Amino acid sequence: MSTQAKRIADLVQSISTTDSDTDDLHAKILAQMDDLNGLQDTKSTLQDTHLALSDYLEAVKMVISDTFDHEVWIRTEVRAISSKGGHYYFELAEKDDNDQIIASCRATLWRYRASGVLAKFHTTTGRILEAGTSILIKASATFHAQYGFSINISDIDPTYTIGELAAAYHTMLKRLHDEGLTLLNKHLPTPFDIRHVIVISPENAAGLGDFRREADRLEMANACHFHYHHATFQGNHAPNEIRIAITQAMDKFVKKFGHLPDLLVIIRGGGAVGDLAYLNDYELAALIAEQKVPVWVGIGHERDKVLIDEMAHTRFDTPSKVIGAIERQLLEITQNAKLNMQHIQALGQSKLITAKNISNNAMQRSQVSASKLIQLAKKDSQNQMATTKLLAIHQLGQQKIHTNNLLNQSKAQSTAKLSQVKTKTSQFLNHHKVITKQLQLMSEHCRYLQSMILIQHPAKTLGKGYALIQQGGQFISSKSKVIPDKDIIIEFYDGKITTTPK
């Protein structure tokens, strides 16, 4: 029992043992009940203290300044970046494994540091700092009463960004290998005759000019036809533009000619090493691997590889070497045809060859041709079998990814529902505690009312010298209501008597 309830019980007991005025005791009991129901919720004096917003935020600023007065290295991702007056303003974020943002804040790179920091980053990585880039910054926390919390950036480590790009490259390459895509395009046979070539490249690029100098000469000789399509090869939007260019170029060619081209060529001239990172895109690499014609790539670099190099049928260092390989293929076909024609003419002019020899030679050639056809058919069958196997592995990998996605989705939904049930259970428990407390208060109040009823019982009143008077079956409480010469009954605590008033 609480202290307030005990005090009420003591007052109730005192009514039956003292001669104090009953009304005063009732008032005291009611006052104690008011204390029990209302005053127990009185708030502390600290909660009643009023502060101006500026004073409160100034206190927050002091705490942040005292606690985070030194610079630290912070891993983060750039969500957005803008520049004004030479200053650079960032929106930074951190994401979880499900690509959901779990932390974010603003940051500033002031003008007196910006030029040196950004120049070092571009020189080392070969790319500009933009949204979506993972970076390691050296920074300190700051808080302003008007502008809120932000981070001041003093330096950016470009080697961290290069490491992140390399890790992402190996992750994508492993995924492509596990899905059976790395050898899919490589197993396609090199075309015997190259008549139509689709070329994807940046518009007005130097590498495209080198390529076209030889390609235009071949086209003027009607040896080969080239179909050019352009896309951006630098920036975050580059992979998507290249994918669109490839898809639209293939669809347009099939609609116009009714068959597939002989080659798909992707070329780009030389440039900064960091720019190649934009071509390390899983969707772009998968699209190249799944092409039904050989893909030849000449990106303009010798040492470093990108994902599209790994997926392509054949990789070349420069665009000039791609057109050189096409020219050599056409020249080899032409030379073989010329040699065969000369051989046929020599056979026709020879008068020493008898009909029997001609017949035997024809039979032998037929046998050789048949043998070659069988070998070619066998080789083609093996290529088809290998392609079918790779496609099956690829489809199995895709199905595995789909199954994993469904499993993760189901797990996430189950976790969310479990969290909701846990929250509701906690709410019900808190509600139960509130109701239990209220029931305890009502129980104490009922005991008080019970005590009051017992106090007001007629037996208690009669025991103090009072009497009950009845006349005609009704209790009489006033002299004016007494009827003369009619019997009345007087009830004491120990019995009744009958008398007649005069």
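The axes of helix 4 (residues 111-125) and helix 5 cross at roughly 35° and come within 9 Å of each other; axes are lines fitted to C-alpha atoms, for helices over the stretch in contact, and angles run from 0 to 180 degrees between N-to-C directions. The model is predicted, so local features need pLDDT of at least 70 and side-chain atom pairs count only at pLDDT 80 or more, while totals for chains, interfaces and linings use all residues. Residues are numbered from 1 along each chain as its sequence is written, and side-chain values use heavy atoms, with hydrogens and water left out. Helices (H or I, at least four residues) and strands (E, at least two) are DSSP runs, numbered from the N terminus.

**Helix pairs**

- Helix 4 and helix 5 form a right-handed crossing (the near helix is turned clockwise from the far one by less than a right angle).
- K120, F121, T124 and T125 of helix 4 meet P158, T161 and I162 of helix 5, where contact means heavy atoms within 4.5 Å.
- Helix 5 (residues 158-178) also packs with helix 8 (residues 282-289), at an angle of about 35° and with the axes 10 Å apart.
- The crossing of helix 5 and helix 8 is likewise right-handed.
- Here M172, R175 and L176 of helix 5 contact Y282, A285 and A286 of helix 8.

**Barrel and packing on the sheet**

- Five strands form a closed barrel in the order 1-2-3-5-4, with mixed pairing; two strands pair if DSSP finds at least two bridges between them.
- From one strand to the next, the twist averages 50°.
- Strand 3 (residues 101-109) and strand 5 (residues 148-156) run parallel and are joined by two bridges.
- A107 stands opposite I151 in strand 5.
- Helix 3 (residues 53-67) lies across strand 4 (134-144) and strand 5, at about 135° to strand 4.
- Helix 5 packs on the sheet as well, touching strand 1 (72-84), strand 4 and strand 5, and its direction makes about 130° with that of strand 4.

**Nonpolar cores**

- The largest nonpolar core has 36 residues, and I200, I246, I266 and I308 have the most contacts inside it.
- Such a core is a set of buried Ala, Val, Leu, Ile, Met, Phe, Trp, Tyr and Cys residues joined through side-chain atoms within 4.5 Å, buried being under 20% relative accessible area (1.4 Å probe, protein chains only).
- Elements that each supply at least two residues of this core include helix 5, strand 6 (196-201) and helix 7 (238-257).
- Helix 8 gives the most to this core, with seven residues.
- Leaving aside residues up to four places away in sequence, I200 touches partners including F233, I246 and I266.
- A second, separate core of 20 residues includes F316, A325, I326 and L330.

Definitions and conventions: Buried < 20%, exposed > 50% of the residue type's maximum accessible area, 1.4 Å probe, protein only.
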